[in-house]
Amino acid sequence: MSAADPYTILGVGRDATEKDIQKAYRALAKKHHPDLNPGDAEAEKKFKEISSAYNLLSDPEKRARYDRGEIDASGNEQAPRYQRRYYRDFAGGPDDAYASSAGYADFTDMDDILSEFFGQRGAGRKRTVNARGRDVRYRLEVEFLEAIRGGKKRLALPDGSTIDVNIPAGTRDGQVLRLAGKGEPGIGEGGPGDALIEIGVQPHPFFTRDGDHIRMELPVSLREAVLGGKVRVPTPTGPVDLNLPKWSNTGKVMRLRGKGAPGRGGTAGDLYVTLKVVLPDLPDAELEAFIENWRGGQAQEPRQGMEV
């Protein structure tokens with residue numbers, strides 16, 4: 001049974017742009033990814049279909065060949081048009097290939113083609129065809145901290161098999177990893193192609209990446225903001241203590257050197273911490289009474305200069 005139309009699987013039209021296709025794939029992949037649907041065989045099957053469809057449509061050459069009918073939805077070669085003719089289409093007509101000895105020319109030509117392809121003797125010559133296998137493209141979703149720290153991730157392929165992918169520390173969203181020899185097999189002495197793995201990094205609840213730097217917003221209590229002191233700060237490599245100066249206001253940015261993403265040459269970016277002063281979760285009568293009688297607070301003009 002032939003695979004379903006990849007445009008239908010991704011829910012896009014045939015005039016969809018590369019960005020349209022990528023956006024549709026990401027949305028569907030997040031919904032049906034096996035890691036997010038453990039034990040759901042239907043979701044796993046759907047994810048394989050989505051990945052296969054994206055693998056075809058994200059490759060401009062494969063997409064063009066599919067649109068021309070040269071390959072099917074699974075990427076398999078379609079027989080040339082002249083090979084898909086049937087006797088009933090031509091018998092007795094002017095194009096009847098069986099009406100004269102001239103009609104056998106097609107078979108002679110095909111023998112020559114096969115002889116060249118398999119390196120056998122044909123029409124007085126011998127030729128061996130060697131061709132490198134095609135590269136194949138996949139997309140692998142990883143968590144933010146997996147991309148920062150590095151590690152190994154298993155990729156489910158459309159045919160049901162899996163391969164292990166080594167994620168280098170500091171991998172970026174959209175980065176393409178090449179797995180040599182993991183593509184389609186070659187012809188003759190031609191080696192196999194490579195697997196090109198595009199990495200999609202999932203967002204983190206409070207970390208965001210800025211080049212090799214990482215940024216985050218850190219809530220601090222009113223007491224910590226006024227009196228200062230050490231506060232515990234999460235980082236991609238584990239929590240550390242940050243010395244908070246007295247009277248640290250919301251919006252103040254502090255830097256933790258080397259606590260960002262690993263970069264080239266063994267260096268690492270920094271972690272930029274933006275402070276956010278937060279009040280207690282529950283009302284505090286004592287605090288309210290203090291603020292009400294606090295003369296300094298009455299004189300404060302935090303919106304000065306904002307007149308329009």
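**Hairpin, strands, pockets and cavity**

Me: Which residue in the turn of the hairpin formed by β8 and β9 has a positive phi?
Reply: Strands β8 and β9 form a hairpin, and six residues lie between them; strands (E, at least two residues) and helices (H or I, at least four) are DSSP runs numbered from the N terminus. Within the turn, a positive phi of about 125° belongs to Gly 238.

Me: What pLDDT is needed for local features in this model?
Reply: Residues are numbered from 1 along each chain as its sequence is written, and side-chain values use heavy atoms, without hydrogens or water. The model is predicted, so that side-chain atom pairs count only at pLDDT 80 or more, totals for chains, interfaces and linings use all residues, and local features need pLDDT of at least 70.

Me: In which sense do β8 and β9 pair, and over how many bridges?
Reply: Strand β8 covers residues 229-233, while β9 covers residues 240-244, and within the pair Val 231 stands opposite Leu 242. Two strands count as paired if DSSP finds at least two bridges between them. Here the sense is antiparallel, and the count of bridges is five.

Me: Which residues make up the covered face of β9?
Reply: In a regular strand the side chains alternate between the two faces of the sheet. Along β9 the uncovered face consists of Asp 241 and Asn 243, and the covered face consists of Val 240, Leu 242 and Leu 244.

Me: Which residue in β5 does Leu 177 stand opposite?
Reply: Strand β4, residues 176-179, has an uncovered face with Val 176 and Arg 178, whereas Leu 177 and Leu 179 belong to its covered face. β4 pairs with β5, residues 195-201, in the antiparallel sense over four bridges. Across this pairing, Leu 177 of the covered face stands opposite Ile 197.

Me: What share of the residues of the protein chain counts as buried?
Reply: The protein chain holds ten helices and eleven strands, and of its contacts with a separation of 6 or more, those between residues 24 or more positions apart account for 49%, a contact being heavy atoms within 4.5 Å. Buried means under 20% relative accessible area, exposed over 50%, and partly exposed in between, with a 1.4 Å probe and protein chains only. Of the 308 residues, the share that counts as buried is 31%.

Me: What is the volume of the largest pocket?
Reply: On a 1 Å grid over the protein atoms alone, a pocket is an open set of points with protein on both sides within 12 Å along at least five of seven lines, a cavity is a set where a 1.4 Å probe fits but cannot get out, and lining residues have an atom within 4 Å of a point. The largest pocket is lined by 15 residues, with Leu 222, Ala 225, Val 226, Trp 247 and Trp 294 nearest its centre. Helices α8 (222-227) and α9 (285-292) each supply at least two lining residues, and α8 gives the largest share, five. With points joined across faces, edges and corners and filled by probe spheres, the volume is about 510 Å³.

Me: Which element gives the largest share of the lining of the second largest pocket?
Reply: The second largest pocket has a volume of about 430 Å³. Of its 17 lining residues, Asn 55, Lys 62, Ser 74, Val 136 and Glu 184 are the closest to the centre. Helix α3 (41-57) and strand β1 (136-142) each supply at least two residues, and the largest share, three residues, comes from α3.

Me: Is Asn 55 buried or exposed?
Reply: Asn 55, which is found in helix α3, touches Lys 62, Val 136, Arg 137 and Tyr 138, leaving aside residues up to four places away in sequence. Because its relative accessible area is 13%, Asn 55 is classed as buried.

Me: How much space lies in the largest cavity?
Reply: There are two cavities of 30 Å³ or more. The largest cavity is lined by Tyr 25, Phe 47, Ser 51, Tyr 54, Tyr 138, Arg 139, Leu 155 and Ala 156. Two or more of these residues come from each of α3, β1 and β2 (151-156), with α3 giving the largest share, three. The space in the largest cavity is about 50 Å³.

Me: What distance separates the C-alpha atoms of Glu 18 and Asp 59?
Reply: Glu 18 is found in helix α2, residues 18-32, and counts as exposed because its relative accessibility is 59%. Although Glu 18 and Asp 59 are 41 residues apart along the chain, their C-alpha atoms are separated by 9.2 Å.
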